[in-house]
Amino acid sequence: MHRSHNLSAAPRFAFLVLLPTLMAAAPQAAHAQKTYVAVGDSLTYGFMDYTATPVGTAGYAGYAQPYAAFLSSPGKTVSLVNLGIVGETTDSLLKNSAGNSMLNSNYSAAAPTSQYALLLADLNPNVSNVTVQIGGNDILGLAASSAFQDAFVDGDTATANALLNATLTYIGADYDALLTQITSLAPGADVQVLGYYNPYAFLPPTSVNNIYLRAAS
């Protein structure tokens, strides 16, 4: 009887030895680092004086950093990968262009080829959040085009609407391609598509920029 009691107690003893090890490993799993990837143009990159400003230095201000801090908690660290490029359009992003201005100095690569190339390299199952804000420069480009402005000034609404619809069509197609890639490479990520504010709100409503922007919007 005594020998049988010792044999039955052995598994319970082994379980109790392993339990503290498992409990000690749990907090490490809870602190597993996640990544927030911000995709977009100058509003994603942040406010700056058109000089490449690394994250965390004076002069850098945008929504990506505060949002990364909001997503983090004592048991969940979320790191930020800000891929925004000043002047980027949906077209320049998807065509691996370097954009219409300098590249973001927040890139990890010494000489990045494009925002899109780095986006594809940075996306993985460990990415928990993605924000996309792109397309505003496409609309601004339309509003600034001579074809749209001539149609608007001449009251040719048919031509103005045709130009706007063509722009919205290709923006929509670019978004489809971009979001398909994001959800494919980071299937567990919470993907948020952001809207825009009026960058010319500080100007009078009668300013040329506001008039054409309202017409194109």
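User: Which backbone atom does the side chain of S92 reach, and at what distance?
Analyst: The side chain of S92 reaches the backbone nitrogen of T89, at 2.9 Å. A word on the source: this is a predicted model, where local features need pLDDT of at least 70 and side-chain atom pairs count only at pLDDT 80 or more, while totals for chains, interfaces and linings use all residues. Residues are numbered from 1 along each chain as its sequence is written, and side-chain values use heavy atoms, with hydrogens and water left out.

User: What makes the link between the side chains of S92 and E88 a polar contact?
Analyst: The distance between them is 2.4 Å, and the term covers a pair of N or O atoms within 3.5 Å, where one must be able to donate a hydrogen and the other to accept it; residues adjacent in sequence count only if both atoms are side-chain atoms. The S92–E88 pair is therefore called a polar contact.

User: Why is S92 called buried?
Analyst: S92 has a relative accessible area of 8%, and buried means under 20% (1.4 Å probe, protein chains only). So S92 counts as buried. Its place is in helix α4, residues 90–94; a helix here is a DSSP run of H or I with at least four residues.

User: What makes G84 buried too?
Analyst: The relative accessible area of G84 is 0%, so G84 is buried. G84 lies in the loop between β2 (78–82) and α4. From C-alpha to C-alpha, G84 is 5.4 Å from V39, although 45 residues separate the two in sequence.

User: Which residues line the largest cavity?
Analyst: They are T90, L93, L94, I134, D174, Y175 and L178. On a 1 Å grid, a cavity is a set of points where a 1.4 Å probe fits but cannot get out, and lining residues have an atom within 4 Å of a point. Helices α4 and α8 (157–185) each supply at least two residues of this lining.

User: Why are β2 and β4 called edge strands of the open sheet?
Analyst: The sheet has 4 strands in the order β2-β1-β3-β4, with parallel pairing. Each of β2 and β4 (190–193) has a single partner strand, so one side of each is left without a neighbour in the sheet.

User: How do you know that β3 and β4 pair?
Analyst: Strands, DSSP runs of E with at least two residues, pair if DSSP finds at least two bridges between them. Strand β3 (residues 127–133) is joined to β4 by 4 bridges, so the two are a pair. V132 stands opposite V193 in β4.

How values were computed
Buried < 20%, exposed > 50% of the residue type's maximum accessible area, 1.4 Å probe, protein only. 1 Å grid on protein atoms, 1.4 Å probe; cavity = no way out; pocket = protein on both sides within 12 Å on 5 of 7 lines; lining within 4 Å.
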